[in-house]
Amino acid sequence: MTAADLSTDAGVSTAAEVSTTSLLRLATAGSVDDGKSTLIGRLLYDSSALFDDQLEAVAASSRKRGHDGIDLSLFTDGLRAEREQGITIDVAYRYFATPRRSFVIADTPGHAQYTRNMVTGASTAELAVILVDAQGGLTEQSRRHACVASLLGIRQVVLAVNKMDLVGFSETAFDEIVDAFLTFAAGLDLRTVTPVPISALLGDNVVEPSTAMPWYGGPTLLGHLEQAAVGAAPDRQGGARLPVQWVHRPGPGQPRGSRGYSGMLAGGVLRPGDEVVVLPSGTRTRIVAVETFDGPLEEATPPRSVTVRLADDLDVGRGDLIAAAAAPAAVTRDLEAVVCWLGDRPAQPGGRYLLKHTTRTTRAVLREVVSAIDVNSLVASPAAALAANDLGVVKVSTADALAVDAYADNRTTGSFILIDEATHATVAAGMIAAAADAEVLDLTAR
Amino acid sequence: MSAAPASGPAVLDHLDVLESHAVFVLREVAAELERPVLLFSGGKDSVVLLRLAEKAFRPGRFPFPVMHIDTGHNFPEVLAFRDKRVAELGEELIVASVQDAIDRGLVADPGPGASRNRLQSATLLDAVATHRFDACIGGARRDEDKARAKERILSFRDEFGQWDPRRQRPELWQLYNGRVKPGEHVRAFPLSDWTELDVWRYVEREGLELPSLYYSHRRTVVARDRMLVAVGPFTPARPGEEPVERVVRYRTVGDMTCTGAVASEATTVADVIAEVATSRLTERGATRADDRFSEAAMEDRKREGYF
């Protein structure tokens, strides 16, 4: 392929026309073999997010490596070590915008440490693009991508069936993969699966509609990304959640009660007058004002950073949770959670760590490894330890009480990390099971 | 939504989301680290950082000082702007000087007219050690460079100030791990997810003042390395170069010896936004000689402790 083959007039105008747009964070999953780097290069190229000096540098690198024309995958290989070895070592973030929306792509490699990287990329994403090679069909790896997306609370998945040009743009080949994926995904906790037949190399159905697949009547990949739901996560439907991050002390001469409690709203809606409860103490009070540097708000929604004032003079500090009184979070010292183990040393009963949950860090002990979870099926089986890149269910006890939700209900109040006290390495990512009905565990038991 | 709220739509505008998250990062750093410092160059990204710090901590004072690494080759209008802006805010300014580091024998003077860009790293690390800072808040963005695309929002530095891309801490959700031992520090990048265009839109939305050289003006320049380099005391015209007066502006602000101007008629923020949106060159590719030495120039400097 030569640069001239690449269409630049994509109907996606430059970002100049963006005035008020939403932000969609998405994760891409797939290996180099599936054409993931080429797909991202294509999205960036066709949406004019790449610049002449980048094109020139990549064209020069392509020539050096003996490729004809431009190798789109080189746009996303960041570090010298990666380019020299042809590997991707970590999550990389890419940015582009259309007149409708700004996009942040968490680009996760598909090789070694795959689970760790995809869990990281998926943790902040609202949508996952799972890339499948049309020639190879649905693979173990595709199933794994879907499992991790589901486990991490991503409810919108795009199944991008790539390399359609190599299967003669065959509708049958596409349908077979889609059917296999939907059958598998029925056992997962996904809300929408949007299959799109594409050729990242040629550009079919990425930004420009394909003329080679008249049988496909759906949106292009970018067209779908522009329409996908933003801010529709369960977090928004539940009760208000404001983890206290920072306390504004009153100035000299100001009353004690004028303290402001700042944080990023992690769930529900906050309005002046709302009845709230401060957790873990359980003290009830009322929101007097929701403020920002730019003035008071009548209503705040996630993920806005705000400062609230309370009706009563309470002892509230960093790490406390201000929650809707009608729908408070559960207070506990004992957690059961699905973890992705990230540390070099395995997870074993008796291990002591620091646990960071919202804005509170406390000491924790790993009481029990309940089970290991097969990342390709989410089936749990008994286990005594977890190694790096393993998924499993553990029981953890904490020194301080925590105000938690199930991860399925709120990704902020339902998540935590474990930190090694000696090395300060982040050794685990945890997703809390529902306190009462253990929804997350039900999923894993399937 | 209830009767006509003053603000707060159900889905936030993308600039609101970026702002809110950056404010969150600033508060996390201030709450979790003992001695943070905010790095302020006078450039547009760090001007945005100061506004975000106001949003995070006003009516209180900033819980950290502001520090400038002065190469001694800075644009005079940027230094004047720096002093004025910090004075308006009533915050503490620390100036760590590369010239001072040269005078003390900490680093060698590369000679007149040579770039002092790499010396900034040694000067910064010296200031970090002297003041025992455990967090440096900077305005770097992931869209700037291939190496930065892989950087964490809270990025760990060992006791030698080095960045090891292979041993970065996994960063999940908004759970930032800022744990450091004495001598180590983190770099915090609240603008990680912002693009150049986002920064300009925010400058416009917030009505932020920037150093005048970001807007079109007449300046005597020479064409060098496919850039327009201002002729001045630190960057004299070389033999064979002909100084000419051109209408230019700067897309980035750094050391005079390695920062180039671009031909531009953009005199307002709106002009600049229109120009940036249709530009066919990245801001670093267009204006920073230091990033054009090799495919991995930024990666190498970052490993040494660069911003």
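**Entry 1: a strand pair in chain B**

I began with strand E4 of chain B, residues 135–137. Three bridges join E4 to strand E6, residues 185–188, of chain B. The two strands run parallel. I looked for a facing pair and found B:Cys136 opposite B:Arg187 of E6(B). I note here that the model is a predicted one.

**Entry 2: the sheet around that pair**

Next I traced the sheet. It is open and has six strands of chain B, in the order E3-E2-E1-E4-E6-E5. The pairing is mixed. Which strands sit at the edges? They are E3 (93–97) and E5 (154–157) of chain B, and each of them pairs on one side only.

**Entry 3: a hairpin in chain B**

I moved on to strand E7 (residues 217–224) and strand E8 (residues 227–230) of chain B. Four bridges join them, and they run antiparallel. B:Val221 stands opposite B:Ala230 of E8(B). E7(B) and E8(B) form a hairpin, with two residues between the strands. In the turn I found B:Asp225, which has a positive phi of about 50°.

**Entry 4: domains of chain B**

I checked the domain assignment of chain B. Domain 1 covers 15–198 + 297–304, and domain 2 covers 209–292. The C-alpha centres of the two domains of chain B lie 23 Å apart.

**Entry 5: the largest nonpolar core**

How many residues are in the largest nonpolar core? I read 202. The residues with the most contacts inside this core are A:Ala128, A:Ile130 and A:Ala160. Its largest share comes from helix H1 (residues 14–32) of chain B, which gives ten residues. Both domain 1 and domain 2 of chain B contribute residues, so the core lies between them.

I then took up A:Ala128 by itself. Leaving aside residues up to four places away in sequence, A:Ala128 touches A:Leu26, A:Ala27, A:Ala29, A:Ala122, A:Ala149, A:Ile154 and A:Val157.

**Entry 6: chain A overall**

I turned to chain A as a whole. It has nine helices and 21 strands. Of its 446 residues, 54% count as buried. I also looked at contacts in chain A with a separation of 6 or more: residues 24 or more positions apart account for 71% of them.

**Entry 7: helix H1 of chain A**

Is helix H1 (residues 36–46) of chain A enclosed or open? Eleven of its eleven residues are buried, so the helix is largely enclosed by the rest of the structure. The buried residues include A:Lys36, A:Arg42 and A:Asp46. A:Leu39, A:Ile40, A:Leu43 and A:Leu44 are among them too. I listed the partners that the buried residues of H1(A) pack against: E1, strand E2 (92–97), strand E3 (101–108), E4, E5 and helix H7 (221–227) of chain A.

**Entry 8: helix H5 of chain A**

Last I took helix H5 (residues 140–151) of chain A. I tested its length. At 1.5 Å a residue, its twelve residues should span 16 Å, and its end C-alpha atoms are 16 Å apart, which agrees.

H5(A) is mostly covered, with eleven of its twelve residues buried. Among the buried ones I found A:Arg143, A:Arg144, A:His145 and A:Cys147. The buried residues of H5(A) pack against strands E1 (22–29), E4 (127–133), E5 (156–162) and E15 (330–341) of chain A. They also pack against helices H4 (114–123) and H6 (171–185) of chain A. What follows H5(A)? I found A:Gly153, whose phi is positive, near 85°.

How values were computed
Residues numbered from 1 in each chain as written. Chains lettered and ligands numbered in written order. Predicted model: local features only at pLDDT ≥ 70, side-chain atom pairs only at ≥ 80, totals over all residues. Pairing = 2+ DSSP bridges. Expected span 1.5 Å × (residues − 1). Buried ≥ 20, exposed ≤ 12 C-beta atoms within 10 Å, placed from the backbone. Contact = placed C-beta atoms within 7 Å. Core = buried A, V, L, I, M, F, W, Y, C linked by C-beta atoms within 7 Å. Domains from an automatic or database assignment.
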